[in-house]
Amino acid sequence: GRREVYVTTFPTPTARVRVSIEGGEDPHWRGDGGELFYLDADQTLVAASVALTPRFRVVGQQRLFRATIDARSLRFGASYVPDVKGERFLVNESVRGEEVVLTVEENWTANGR
């Protein structure tokens, strides 16, 4: 019933370890694989510290901050992204009562700017 975050072996999924404690979704690895970030049930970003040897295990968890995630972005796994060191996060937050317009200009250096 409830969404949870698990890590399994690859390419053959023989072992499975639950990372989230009471609900979780949208996991992202830190660049070096030492932490796995996920959103818990109340949209708090959690950092799960992991050990990879001699076997995978969660060694600690820290709640970082609560985000107001745009529910539409959760469907596509694009609600947030950590930087490579896990120190900063780009969060796709919802904005109530306003229409947000995002303009993306590609190949901007070719336009002489």
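Q: How should I judge whether strand S4 is mostly covered, and how many of its residues are buried?
A: A residue counts as buried under 20% relative accessible area, as exposed over 50%, and as partly exposed in between (1.4 Å probe, protein chains only), while strands (E, at least two residues) and helices (H or I, at least four) are DSSP runs numbered from the N terminus. In S4, five of the five residues are buried. This is a predicted model, in which local features need pLDDT of at least 70 and side-chain atom pairs count only at pLDDT 80 or more, whereas totals for chains, interfaces and linings use all residues. Residues are numbered from 1 along each chain as its sequence is written, and side-chain values use heavy atoms, with hydrogens and water left out.

Q: Which residues of S4 point one way, and which the other way?
A: In a regular strand the side chains alternate between the two faces of the sheet. In S4, Leu 36 and Tyr 38 point one way, Glu 35, Phe 37 and Leu 39 point the other way, and all of them are buried. Leu 39, for instance, counts as buried because its relative accessible area is 2%; its C-alpha lies 9.9 Å from that of Leu 64, a residue 25 positions away in sequence.

Q: How many bridges join S4 to S5, and how do these strands run?
A: Two strands pair if DSSP finds at least two bridges between them. S4 and S5 run antiparallel and are joined by five bridges, with Leu 36 standing opposite Ala 48 of S5. Four residues separate the two strands of this hairpin, and Gln 43 takes a positive phi near 65 degrees there. The hairpin of S3 and S4 has five residues between its strands, and Gly 33 in the turn has a positive phi of about 80 degrees.

Q: What does Pro 27 touch?
A: Contact means heavy atoms within 4.5 Å. Leaving out residues up to four places away in sequence, Pro 27 touches Val 5, Leu 36, Phe 37, Tyr 38 and Tyr 80. Pro 27 is found in S3 and is classed as partly exposed because its relative accessible area is 43%. Its C-alpha is 4.3 Å from that of Tyr 38, eleven residues apart along the chain.

Q: Which residues form the largest nonpolar core?
A: A nonpolar core is a set of buried Ala, Val, Leu, Ile, Met, Phe, Trp, Tyr and Cys residues joined through side-chain atoms within 4.5 Å. The largest one here has nine residues, namely Val 5, Val 7, Val 19, Leu 36, Tyr 38, Val 46, Ala 48, Val 50 and Phe 56. The elements giving two or more residues to this core are S4 (35–39) and S5 (44–51), and S5 contributes the largest share, three residues. Beyond four places in sequence, Phe 56 touches Val 7, Val 17, Val 19, Trp 29, Val 50 and Ala 51. A second, separate core has seven residues, including Phe 37, Ala 47, Ala 67 and Ile 69.

Q: Where in the backbone are there cis peptide bonds, and which residue other than glycine has a positive phi of about 55 degrees?
A: Most residues other than glycine have a negative phi, and most peptide bonds are trans. Here a cis peptide bond with omega of about 10 degrees joins Phe 10 and Pro 11, and Pro 11 is found in the loop between strand S1 (6–8) and strand S2 (16–18). The bond from Thr 53 to Pro 54 is also cis, with omega near 0 degrees, and Pro 54 is found in the loop between S5 and S6. Asp 26, which is not a glycine, has a positive phi of about 55 degrees; Asp 26 lies in S3 and counts as buried because its relative accessible area is 10%.

Q: How many helices and strands does the protein chain have, and in what pattern?
A: The chain has one helix and eight strands, which follow the pattern β-β-β-β-β-β-α-β-β along the sequence. Buried residues make up 32% of its 113 residues.
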